[in-house]
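User: I have a model open and would like to talk through a few spots in it. Could you take my questions as they come?

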Amino acid sequence: MIFIRFAWLLGDWETVTSGSVLQRIGKEARNGPIALLDPEHDIVGLHLYDGQLRITSILNGNFCNFFTIRMDELNILHMCFLSAAHLSSEKPVLAVLYEDTRHARHLKTYTVDLEQKELED
């Protein structure tokens, strides 16, 4: 994984940070990888494998505190962090759009507990 930004003064792209997020265990996500950013809480979420969400914090431009959270939803179509400005929660809130085995689509939200490293309904 790599994060880049455009340096206006230099007139060119520069690498902010990079690192590997590969795991030895897991089946690749059915609908491809999904990366999501919550700038209000300085975290990045990566859905790379079915049933897993990989979370990392960004501190001083570097990735730190990688951990994996298990998810019950397997066929995830899309996910995003919701803006804290419209929510009563101080923790990050994750919205997940997924499809069940009967091809019905559902939207579910979770609060991400960064200390306990788990999703809360």
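User: Is P39 buried or exposed?

Analyst: This is a predicted model, and in it P39 counts as exposed because its relative accessibility is 59%, where the cut-off for exposed is over 50%.

User: And where is P39 found?

Analyst: P39 is found in the loop between β3, residues 34-38, and β4, residues 43-47. From P39 to S83 the C-alpha to C-alpha distance is 9.1 Å, although 44 residues separate the two in sequence.

User: Switching to S57, what is its place, and is S57 buried or exposed?

Analyst: S57 belongs to strand β5, which covers residues 52-59, and with a relative accessible area of 18% S57 is buried, since the cut-off for buried is under 20%.

User: Which residues is S57 in contact with, leaving aside its neighbours within four places in sequence?

Analyst: With those neighbours left aside, S57 is in contact with D42 and I43, and also with N62, F63, C64 and N65.

User: Now strand β8: is β8 mostly covered or exposed?

Analyst: Strand β8, residues 93-99, is mostly covered, with six of its seven residues buried.

User: How does β8 pair with β7, and what joins β8 to β9?

Analyst: Strand β7, residues 76-82, pairs with β8 in the antiparallel sense over six bridges, and M79 has V96 in β8 as its bridge partner. Strand β9, residues 105-113, also runs antiparallel to β8, and seven bridges join the two; here the bridge partner of V93 is T111 in β9.

User: What about the hairpin of β8 and β9, how many residues lie between the strands?

Analyst: There are five residues between the strands of that hairpin, and H103 takes a positive phi near 70° there.

User: Stepping back, what does the secondary structure of the protein chain come to?

Analyst: The protein chain comes to zero helices and 10 strands. Of its 121 residues, 35% count as buried, and the chain exposes about 8,100 Å², of which carbon and sulfur atoms supply 51%.

User: And what share of the contacts joins residues at least 24 apart?

Analyst: Among contacts between residues at least 6 apart in sequence, 33% join residues at least 24 apart.

Technical notes:
Residues are numbered from 1 along each chain as its sequence is written. This is a predicted model: local features need pLDDT of at least 70, side-chain atom pairs count only at pLDDT 80 or more; totals for chains, interfaces and linings use all residues. Side-chain values use heavy atoms; hydrogens and water are left out. Helices (H or I, at least four residues) and strands (E, at least two) are DSSP runs, numbered from the N terminus. Buried means under 20% relative accessible area, exposed over 50%, partly exposed in between (1.4 Å probe, protein chains only). Contact means heavy atoms within 4.5 Å. Two strands pair if DSSP finds at least two bridges between them. Accessible areas come from the Shrake-Rupley method with a 1.4 Å probe; for residues, only the protein chains shown count as cover.
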